[in-house]
Each structure stands twice: as C-alpha cells, then as structure tokens.
Amino acid sequence: MSGYLEASTSPNEPNGANPIRATERALSVAAENADHHTVDRTKLTPMMQHFVEVKEQYPHALLLYRVGDFYETFFQDARRLAEELELVLTSKDAGKGIGRVYMTGVPHHALDRYCRLLVEKGFAIAICDQVEDAAVAAKEGRQVRREVTQILTPGTLLDEGMLAARRNNFLAAMVMAGNHWGLAYADISTGEFLTTQSTELELLVQELMRLQPSEVLIPTNAPDLISMLRPGEKSQHLPECLPNSFCYTFRPQSPFSPAEARQRIIERFRVRSLEGMGCEHLPLGVRAAGGLLEYLEDTQKENYVALQCLRTYTIADYLILDHQSRRNLEITATVRDNTFHGSLLWALDKTHTAMGGRALRRWLLQPLLDIKGIRARHDTIQELVENPGLREDLRQLLRGIYDLERLTGRAGSGKANARDLVALADSLLKLPELAELAAYGSSPYLKALQKVPPQLEQLGQKLRANLMESPPLHLMEGNLIRVGINPQLDEMRETAKGDQEWIANLEVTERERTGISNLKVGFNKAFGYYISITRSKADQVPINYIRKQTLTNEERFITPELKEREARILTAREDLNRLEYEIFVELRTQVGELSEEIRNVSRAVAAVDVLCGLADVAVYQGYCRPNMVEGREIRIIDGRHPVVEQSLPTGFFVPNSAYLGGESVDPPQPPIPPPAAPPLKRGARGEKSLERPDLIILTGPNASGKSCYLRQVGLIQLMAQTGSFVPAASATLGICDRIFTRVGAVDDLATGQSTFMVEMNETANILNHATAKSLVLLDEIGRGTATFDGLSIAWSVAEYLATEIQSRTIFATHYHELNELASLLPNVANYQVTVKELADEIVFLHQVQPGGADKSYGIEAGRLAGLPTSVIQRAKQVMKQIEKHSKIAVGLRKGIQNKPPVPDAAQAAPMEQLDIFSE
Ligand SMILES: Nc1ncnc2c1ncn2[C@@H]1O[C@H](COP(=O)(O)OP(=O)(O)OP(=O)(O)O)[C@@H](O)[C@H]1O
C-alpha cells in the first residue's frame, strides 16, 4: 500500500489525516453520489465541475488531475485507481449539497511509475496538468488553469521506461467489410507505419496474433459505449471473430471513412496521391491507416509523432504461420511456461543492438516466400561466416550503437533529453566507420550499409560539438551547451562569472575581515546564500550582518551585498538556462527533421546486426547454408533441433535426416494395389517417389523424440525462410507457403473448449487451409477420444493429407495401425524413432529410421515415471489380454478395403466401429 497514504495527509486533503477513517467515511457517504454522470453539477465546487467536464471528454481514460503536488482522481475513476494500484480510497468534499465523493491520488513525482503500471494493465490515462503558476491564479482569486496535456494508451507510448527495448509496441487499426478487411499498424516509438488489405477474417486474426499489438482501434457506430476494452473484457460491440486477448479502443466511424482517411494521409505525408505508397488500390487499408492517424492526432496533442511514410505489404508475400503453430514451434516463447528462455529467439538472438533484437523477432514471425530475398540474407551470412575478421569488427562497432530508431522518435516528438541526443550523436558518428567496414563486403545487406547520407555524420558532429559531454537529465538546469557555441550565451556566462567568483571567495575574504576562522558560506532553497557562524562567535559579527536564522549551534546571516549578488546570479542563471534550453530544442528539432534518413539507416544497421548474430550462431553451432530450391523438396541431412541441442551437453543430441516431397523419379508401384484406395491427384507436382514421400507416419515409444523431430523439421524450414543458416549437415529446401503444427492440445478453459474439441478445431483448420506447398506437422491426432474414434479420425486425416492435399506431412502417432497406409498409398512412408531393448529396460537412441515401430513401451515409460510396481504388473497383464483378443488390425484393414473409391471424404461410408475389448 503506498501513494495516497501520503496523499491523504497532503494539503490537498485537509480532512484526510486518517486514511482508514477516511476510507470508511468515503464508502458510507460517497457511495450514493459516486457517479460523475449523474451528480448534480450545479452543486459541485468549481474544481469538481471542471474535473467532470474534462472527464466527459475522455470517457475511456482514467483522468489524473493535478492538484498541488498530487495527481488526484474522483468518482468511479478513484475506485478503479485504488483497486488497480492498491492505493487507499478516500474521499473529498465535492460541494455543498453533494458531500464527499470518492478520491484517490498519487504524488506527482511517482506519476511515471503508476502510469506504467496502469498502461501494463491495459488502461488509457489522461493527464490533466496545471498549465499556469498556481500563485498567479490564487492572487487573482480564481481556479488555476488546467488542461489535458498527455494521453497515455497502451499503443501510444514513447517513454523509454514504458517500452520493452527488444520488441515493438504496435498500435493497430482495422476496418472490416463483410469478409474483407484492412489493417494498419504503427510503432510510434520507431516510426514504422504499414497497411495491408485482404479477405478472410481468419487471416486478419492471424495477422493480429503475429503483431501482438498493444492496442487495436475499431470504428463503431454504437452510441454511449465504453470506448476501451481491456484484455479479457467482453463487449457486444467487439466482432465475434476477434480474440479478446487484446486491448480494443472503439473509435467513431468518420475518421475511418474513405474520403477523410485518404485526405488525412495525403496531408500528413504531404503527397498528391496515395500511388507512391502503393495503397491507392487498397481502400480498406487506407481507411484503417487514416483512422490510426486521427487517433494519434487526438491522443498525442502537441507531441508530434515522427512516423515514417506509410508502406503497403501483402500477407501473401510471407510464410503464413497461424498462432497455434507459432506457439507450438516455440518461436518467441515456450509452450510450457511462456518464457523467452528456451524459445527459438532465445537460441538465435546474438544481436548487439535493440533495433537488431526487434528486427530478428519480426523476421522470425514473418519468414519470406521470395527465394531471391531469402538468398540475399543467406549470401550475407555466408560472407560473414567466411570472413570472421569483418564479422568481429562489425559486431564490435554495433555494440556501441544505441537505439537510433527510438532516440530519433523521441527527438521528433520533442521528448528526447540531452543525454538522448548525446547517445544519438555517438551512434551517428559510428555510421561512417560501419559503412567503411561494410565496403569490404559484397553481399546485399552489407552493400546497403555502405550508403550513409553525409548529413547524418554532420549532424552527429554538430550534436557532439554543441552538447556537454555528460549533460544533466533535466533540461531546465543548464549545463547542456558547451562554451564557444553561442556568443550571447558565452557573454551571459562571463557576466555571471564575476558574481559567482565573488561568492566563491566570500568565505576567505570574510574570515580575514572578521577574524572568525570557522565562518562558512552556505546555500539553501529557503534563504538562498547565507553566512554561518557558530553561536559562541555570534557577538563578533560585523555591523552589516543581518541575522536570518538561529539554530542550536549556529547563527545564519545575510548581507545586503550578498543578496544583491545572489539576485543577479539567480536571474542570470534563469536566463542562461532558458537560452541553453532554446539552443537544445533547436538541435532536437534538427534531429527530428532528419528522422526519415536516420531511420532508413537504422533499418540497414538492424539487418546487419541480425545477420552478424546469425552468422555467429552458424559458426559456433555448426549450421549449414540451406540450398533453397523451387519445388517441394525437403531434404535435411543430419538435422538438429536448434533449442534442444543448445540445452544438452555438446555431442548429446542425435542428428536425424528428413526426406519429404519428392519430385518424379521412377514412381514405384504400391506393393499391394489397394482396390478401394482413392487415386492420387496429379497435377500439383507430377509423380511420387517413395524416396521422398509426402507423408511420413512416425511411430516410436513415449519420450523417444518424435515431437522433437517433428518440431526440428518445422524449425529448420522456418529458419531457412527467415534467412538463417540451419542446424544440419546439409539441407535442400523448397519454399513452403505455410507451416502447420498440431502438437498435444490442452483444454482451452478461456473459450470453454475441451482438449478434443481444440484438437479437432486445429485439425479442421489445417485440412481446410493446407496446400501442396505446405508443411504439416501433426503430433498425436485423435488421442483425446475413444481409441477407435481416435484411430479412425487419425487414419482419415492422414489419408486426406496424403491424397487430397498432398502437403508434406509428418504424422507422429502411437497408432501403429497407421503404418498400413504406407502399403496402400505410394506417397506415404513409415519411419520410427528407435530404442534398444535390454533385459529389463529400454534405452532411447533418438534415431529416426525407416520402418514402423511395433511396440509402444508405454508401460515402460510409466515405470520410468515412477508408477507403483503393482500398477505396472497389472498393466502388463491387461495388455497381454488385449493383444490376444483385439481385432483392431484386422478390422481396420477390412474397413479400409470397404471404403468406396470416392476421394471425397464427405461421401465416404462410415467405418465400422470395432470393439477393442470384445472376444
Ligand atoms: N534427437 C535427439 N537427441 C537427443 N535427445 C533427444 C532427441 N530427441 C529427443 N530427445 C530428448 O528426448 C526427450 C523426449 O522427446 P520427445 O518429447 O520428442 O518425445 P516423444 O516421442 O514425442 O514423446 P511422447 O510420445 O511421450 O510425446 C526430449 O525432451 C529430449 O530431451
């Protein structure tokens, strides 16, 4: 408990000396009139009237209202603030006939800390400041003038302390029209601003899940709605297809209208048409972007946001990963405990700059489809791998480069302090060196870094020459600008120097004059400069000394001359500080004016940082350059899982190969021509080859490494398309349009879905969206229901993938019966993860080899996990019984052969349900 415990004893709350009593009183007395909507405004005090007026303008935000040294809030906002920040809820008299209303507040110096906590919880905050000297207003007998100076929302943060350095903070805006949608997003701290448009709401959700925006803007017509939904909150105005895990802000329709949005973009970027931005033909994307810009204008007030020119992108240009697959592949966080440690990003991120860290995260979440783009990244990594000297020198330089993107953003919006500009200058001055080094390389990304605009170096030099080496944090304290920069400043400093020296020498001269050897000169805020003398010597002071204060052991004096000098010094200091501030603001504006150029270079720096880091990982982890090819081939020789490998002692990870998606080579005939098996569809890619099947049925005991193998193939493909080298001896990889994974579901309690339903939903999504160019990784389909249902579903899903879709698929399963498929379909092969069986235990070899496993060793796994011996013995007995009497394999084969020769699953006759336990 903190904050308003202090506040309640403040001058703002004369009656609040006992917060507990105040709270009780607040709860009993204020409860009835606690709503600012319904309170009789005519009876409110002038300050409360103003509070309510401002609150009406910002209904979606918590209003923090400056009163003296505190930010206070009243009515419902007070309750909310007290609840969320665990502050004392107290009360304040709101006027005659109204009585007390809820109040809580925070000390002004702790505002940033509390705001950060509130924004993290998904609140918007309107900060209403006193915008004039309270003493002036008091003298004139009126209320001090207050205005909302800042609105903080989760998606519009600029302060360093509120942002995570190595991830973007996106604000998104969307427009939906039937099945079509437009999405714009911006990170106002780095200036990125992009828009896109597409169909299928499912894709919109996936795009939102990729971006993980901190706030999403939705236009709406609904009147009186609470305009902000925090994560987890529900509203009938939120379209059903959208996940409620984000913070949504409802906005009026008009800024999202085609004409207004278009006009706003044109004015903002001072262009004649949207043609150059590539979005003239994307009306929904334009509407979303216009709505986003209007929101920034509305919330950022006088803080100009330095956005880069709007760019257009197409979802189809990137590999599509749905949210589930991204989670299962543990790209940025682990599935088990949602931590960064243990994710792919953790294993690969060796970047030195925050910009590089953010770029790598973006790259991994948005792998490329364009083979040229992928090769450009591979070429650069290869050059950096082959030239370790260049790589090391580049990395050394990158280490000293600060977050240019965000520093520029803060400068552009007038929020940067002098230390920010010094850091920016240091970084800008490293750019020519970086360009010189990059000139030793010939690969695409190094070439891009060779062109650093000369004005950036000049700007760096100017900032360095103008700003003090270590300026203070606050801008009104002086000591910002060096000597020799501004003649007026120098002259003022010279004039002030005489008085300062006089005071500095005063101690010595007065000691001599008075003969008091322990005389001292001091300064405090209340009296300014004073002369201090111990009480025993007080009667020896000269006549011109005026007594000002008596303490236990000392007396403090002033003299008329001392006060005169002091007044001159203070006025001069004020003038000096103001002039220094003005010169600083001028410099900061110049930075803002070059923000586009700085950010363009920053992007090139970030990319080289990412690629240097990936080259380092490639060298130290022994990765290879994948050979990217057109077509569907996946041939990985001795692949490894990039994260599991790093968590095991060196040499412990067992490499495994994978062969999928073969192109035509002497199609072998299926060994047993299945009379009823659906014919393979041709066309997508000609003939099949067993050497590289489309679908692998992967069997093996529990904990043998099936899931690990599955993920490793997915990760290698993803890393390759991100532009990274891959953990394998060699790899030839065709481009994948999508990677799907379905790995052991858990109950989705939030949406009330059972394990099985989650599994079926995910499987349906895969079957409805996978193509022959997709990679599908399935782990244990059909486990969450009765054995026969599960087995039947697993069979038909595998069959559908192999025959109808012909995607490249690895299907890990404990249903060994699925091995039958390989004898029925030419593009299916069986693989198993092997174990060695000793007398009374099994040894995991983690080797993937051709062939199907015939045993599960589930009971052995139970024994290893510590099940009681009697349970293990009993399980063995039961298993023998079942094996003896089960008709499963026979029945299943019968079922397959009975299947009519129609490939359409919907028309297929249901398979007979067999009773595994019947005699
Ligand atoms: N190739 C490998 N080399 C070394 N260790 C491995 C390898 N593959 C997996 N392992 C180890 O084995 C453990 C179990 O692997 P995994 O979870 O993939 O088994 P599984 O066959 O999917 O089990 P289950 O069927 O119970 O889900 C992993 O945590 C990992 O430590």
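Modeller: The account below starts with the chain as a whole, goes to the listed site and its surroundings, and then turns to other parts for context.

The model is predicted. The chain has 29 helices and 28 strands. Of its 919 residues, 42% are buried. Among contacts between residues at least 6 apart in sequence, 70% join residues at least 24 apart.

The unreviewed UniProt entry lists G700, P701, N702, A703, S704, G705, K706 and S707 under "binding site". P701 sits in the loop that runs between β22 (695–699) and α23 (706–722). P701 has 22 C-beta neighbours inside 10 Å and therefore counts as buried, the cut-off being 20 or more. S704 belongs to the loop between β22 and α23 as well. With 26 C-beta neighbours inside 10 Å, S704 also counts as buried.

What does S704 contact, once its neighbours within four places in sequence are left aside? The partners are V833, V835, F844 and H846.

One of these partners, H846, has a backbone feature of its own. H846 is placed in strand β28, which covers residues 842–850. Its phi is positive and near 60 degrees, although H846 is not a glycine. As background, most residues other than glycine have a negative phi. H846 is buried, because 21 other C-beta atoms lie within 10 Å.

The C-alpha atoms of T813 and N702 are 10.0 Å apart in space, while the two residues are 111 apart in sequence. T813 lies in the loop between β26 (808–812) and α26 (820–824). T813 counts as buried because it has 25 C-beta neighbours inside 10 Å. Leaving aside neighbours within four places in sequence, the contacts of T813 are I697, T699, E780, A794 and L818. Strand β22 spans 695–699, and the contacts of T813 include I697 and T699.

N479 is another residue with a positive phi: the value is about 60 degrees, and N479 is not a glycine. Its place is the loop between α18 (454–466) and α19 (487–514). Is N479 buried or partly exposed? N479 counts as partly exposed because it has 14 C-beta neighbours inside 10 Å, whereas H846 is buried.

L310 is in the loop between α9 (283–300) and β13 (311–312). L310 is buried, since 25 other C-beta atoms are found within 10 Å. From L310 to G278 the C-alpha separation is 8.9 Å, across 32 residues of sequence. Not counting residues up to four places away in sequence, L310 touches F193, T195, I265, F269, M277, C279 and A289.

In one, the axes of α13 (residues 371–386) and α21 (residues 595–621) come within 9 Å and cross at roughly 60 degrees. The two helices are therefore oblique to each other. This crossing is right-handed. From α13 the contact takes R377, T380, I381, L384 and V385, and from α21 it takes L611, C612, L614, A615, A618 and V619. By type, the residues of this contact are 9 nonpolar, 1 polar and 1 charged.

In the other crossing, the axes of α14 (residues 388–399) and α21 come within 10 Å and cross at roughly 130 degrees. α14 and α21 are therefore also oblique to each other. The crossing of α14 and α21 is left-handed. On the α14 side the contact involves R391, L394, R395 and L398, and on the α21 side V608, D609, C612, A615 and D616. This contact divides into 5 nonpolar, no polar and 4 charged residues.

Notes
Residues numbered from 1 in each chain as written. Predicted model: local features only at pLDDT ≥ 70, side-chain atom pairs only at ≥ 80, totals over all residues. UniProt positions renumbered as here; feature names shortened; annotations may be inferred. Helix = DSSP H or I, 4+ residues; strand = E, 2+ residues; numbered from the N terminus. Buried ≥ 20, exposed ≤ 12 C-beta atoms within 10 Å, placed from the backbone. Contact = placed C-beta atoms within 7 Å. Axes fitted to C-alpha atoms, helices over the stretch in contact; angles between N-to-C directions. Parallel < 35°, antiparallel > 145°, perpendicular 65-115°, else oblique. Left-handed = near helix turned anticlockwise from the far one by under 90°. Nonpolar A, V, L, I, M, F, W, Y, C, P; charged D, E, K, R; others polar.
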